[in-house]
Amino acid sequence: MSDEKLQKVLARSGLGSRREMERWIEEGRFTIDGVTATLGDRIGRKAQVLMNGREVKLVFDKESQRRVLIYNKPLGEISTRHDPEGRKTVFSHLPPLNQGRWIAIGRLDINTSGLLLFTTDGELANAMMHPSAQIDREYAVRVLGNVDEAMLTRLKEGVLLEDGMARFTDVQFFDGEGANKWYHCVVMEGRNREVRRLWESQGIQVSRLKRVRYGPLFLPSDVPVGTWKELTPKEIASLGKMLSLKEKRPVKLDTKEKEVLERRYKRQRSRREVGGRRKPAGE
């Protein structure tokens with residue numbers, strides 16, 4: 001059957017993750033050929049899909065692209081696509097696309113810096129974020145306070161937070177002397193402010209937080225703060241294989257598109273912090 005599930009096509013078309021699309025379908029935002037869409041609906045190439053009354057440009061499997069960016073997020077940027085307060089978002093400096101749109105794989109709060117991944121492929125984004133994938137996230141964290149082995153054991157065994165049990169699957173001392181020390185810690189979920197809240201549950205203050213790894217992808221040393229770098233076709237193929245995704249042919253840019261992308265890449269400048277540091281809620 002050539003028809004595909006609506007939420008799958010919408011996610012691939014760059015509107016958001018598959019879970020977001022399922023929620024939006026349940027909220028009645030979409031129509032298919034004039035009829036309100038429901039979960040489970042399938043569509044073909046001839047279907048007209050509207051979101052909130054506007055036609056959606058759909059990307060079906062055969063013409064879809066799988067591109068992935070590594071972005072080194074500075075402090076002060078927010079991870080939403082648009083901000084009513086007019087603050088800079090992580091999407092502000094990404095290269096433009098001729099097809100679909102960039103989808104953020106997970107989020108980082110305004111006071112967290114480091115590795116943030118973007119893709120044009122909703123299926124890859126869904127696979128990277130879905131809890132069943134059990135993909136770990138590693139953070140470098142600078143803490144203020146006395147940390148002992150008993151505390152580290154508690155953090156690895158599990159702590160009851162307001163939204164349930166949470167824990168580090170690993171936490172290791174990294175560097176530092178005196179009151180300020182750096183640790184590397186790993187979580188398997190993407191809950192809001194989870195790393196900060198775990199340390200705070202032990203009376204420890206987090207003064208710096210930076211994501212350095214998401215699954216198999218590390219933050220490279222050649223991607224300065226505030227800049228991006230696109231994964232190679234070989235790296236993307238390896239990531240897709242790890243996630244058990246169907247292989248896609250490499251993206252082929254024409255000469256003009258390559259030149260524009262190369263110029264944008266070379267013109268990037270490091271941006272260590274955007275605006276003033278905002279105090280996270282609850283600190």
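This is a predicted model: local features need pLDDT of at least 70, side-chain atom pairs count only at pLDDT 80 or more; totals for chains, interfaces and linings use all residues.
User: Which residue lies over the face of Phe-91?

Analyst: That's Arg-81, at 4.2 Å from the ring centre. A charge sits over a ring if NZ of Lys or CZ of Arg is within 6 Å of the ring centre and within 35 degrees of the ring normal. Residues are numbered from 1 along each chain as its sequence is written, and side-chain values use heavy atoms, leaving out hydrogens and water.

User: How many aromatic pairs does a search of the whole structure find?

Analyst: A pair of aromatic rings is described by the distance of the centres and the angle of the planes. Rings of Phe, Tyr and Trp (its six-membered ring) pair if their centres lie within 6.5 Å; planes under 30 degrees apart count as stacked, over 60 as edge-to-face and the rest as tilted. Here the search finds six pairs. One of them, Phe-173 with Tyr-183, is edge-to-face, at 5.6 Å centre to centre and 75 degrees between the planes.

User: Is Tyr-183 buried or exposed?

Analyst: Buried means under 20% relative accessible area, exposed over 50%, partly exposed in between (1.4 Å probe, protein chains only). Tyr-183 is buried at 5%, while Phe-173 is partly exposed at 46%.

User: Which residues form one aromatic cluster?

Analyst: Phe-168, Phe-173, Tyr-183 and Trp-199 do.
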